[in-house]
Amino acid sequence: MINLYQKTWTEINNEIAQKIIRLRKRKKITQKELAARSGVSLGSIKRFEQSGEISLQSLTKIAIALDVEGELENLFDNVPFASIEEVINEQTK
C-alpha cells in the first residue's frame, strides 16, 4: 500500500514531545522536577518540549523517570511485514 501522507521527522518528534508533556503534567511533575529525576538538563527538557529535539539517550532517561521505559523497549516489536520478500528475508537470517 502506498502511503500518500507520510509524516516528517519533525512532525513525529513534536508528537512524541506532546505525549511526554501530557504524561508529565498528568503525573504533576514540573519540568524542573523531571530534570532532577532524569538527569537531563532543564534546558534540554524545555527545548524538547518546544521543538521535539532531543537525543535518544535523554529521551530514554526521561522515559525511565516517568516510568514508561517499557514503551521504548517495545518500540518496533510488532511491525507487520510489508511484503512477501520481507517474510523470506526474515526466515533466511
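The legends below describe close-up views of a predicted model.

Residues are numbered from 1 along each chain as its sequence is written. Because this is a predicted model, local features need pLDDT of at least 70 and side-chain atom pairs count only at pLDDT 80 or more, while totals for chains, interfaces and linings use all residues; side-chain values use heavy atoms, with hydrogens and water left out.

**Figure 1. The largest nonpolar core.** A nonpolar core is a set of buried Ala, Val, Leu, Ile, Met, Phe, Trp, Tyr and Cys residues joined through side-chain atoms within 4.5 Å. Here, buried means under 20% relative accessible area, exposed means over 50%, and partly exposed lies in between (1.4 Å probe, protein chains only). The largest core has 13 residues, of which I20, L34, I45, F48, I62 and L66 touch the most other members. Two or more residues come from each of α1 (9-26), α2 (31-38), α3 (42-51) and α4 (56-65). These helices are DSSP runs (H or I, at least four residues), numbered from the N terminus together with any strands (E, at least two). In soluble globular proteins, nonpolar side chains tend to be buried together.

**Figure 2. Helix α3 and its buried side.** The residues S44, I45, F48 and E49 of α3 are buried. They lie on the same side of α3 because they cover an arc of only 130° around the axis; this arc is that of the directions from the helix axis to the C-beta atoms. The buried residues of α3 pack against α1, α2 and α4. Which residues are in contact with F48, leaving aside its neighbours within four places in sequence? They are N13, I16, A17, I20, E53, I54, L59 and I62, where contact means heavy atoms within 4.5 Å. After α3 comes G52, with a positive phi near 85°.

**Figure 3. S38 in helix α2.** S38 is found in helix α2. This residue counts as buried because its relative accessibility is 11%. Not counting residues up to four places away in sequence, S38 touches I45, K61, I62 and A65.

**Figure 4. The largest pocket.** On a 1 Å grid over the protein atoms alone, a pocket is an open set of points with protein on both sides within 12 Å along at least five of seven lines, whereas a cavity is a set of points where a 1.4 Å probe fits but cannot get out. Lining residues have an atom within 4 Å of a point. The largest pocket holds about 480 Å³ of space, a volume being the space filled by probe spheres set on grid points that are joined across faces, edges and corners. Its lining has 13 residues, and I16, K19, E71, L72 and L75 are the closest to its centre. At least two lining residues come from each of α1, α4 and α5 (69-73), and α1 gives the most, with seven. Nine of the lining residues are nonpolar, none is polar and four are charged. In this division, Ala, Val, Leu, Ile, Met, Phe, Trp, Tyr, Cys and Pro count as nonpolar, Asp, Glu, Lys and Arg as charged, and the others, Gly among them, as polar.

**Figure 5. Two loop residues with positive phi.** D67 is found in the loop between α4 and α5, and its phi is near 60°, a positive value in a residue other than glycine. D67 counts as exposed because its relative accessibility is 62%. F76 is found in the loop between α5 and α6 and has a positive phi of about 70°, although it is not a glycine. At 66% relative accessibility, F76 counts as exposed.
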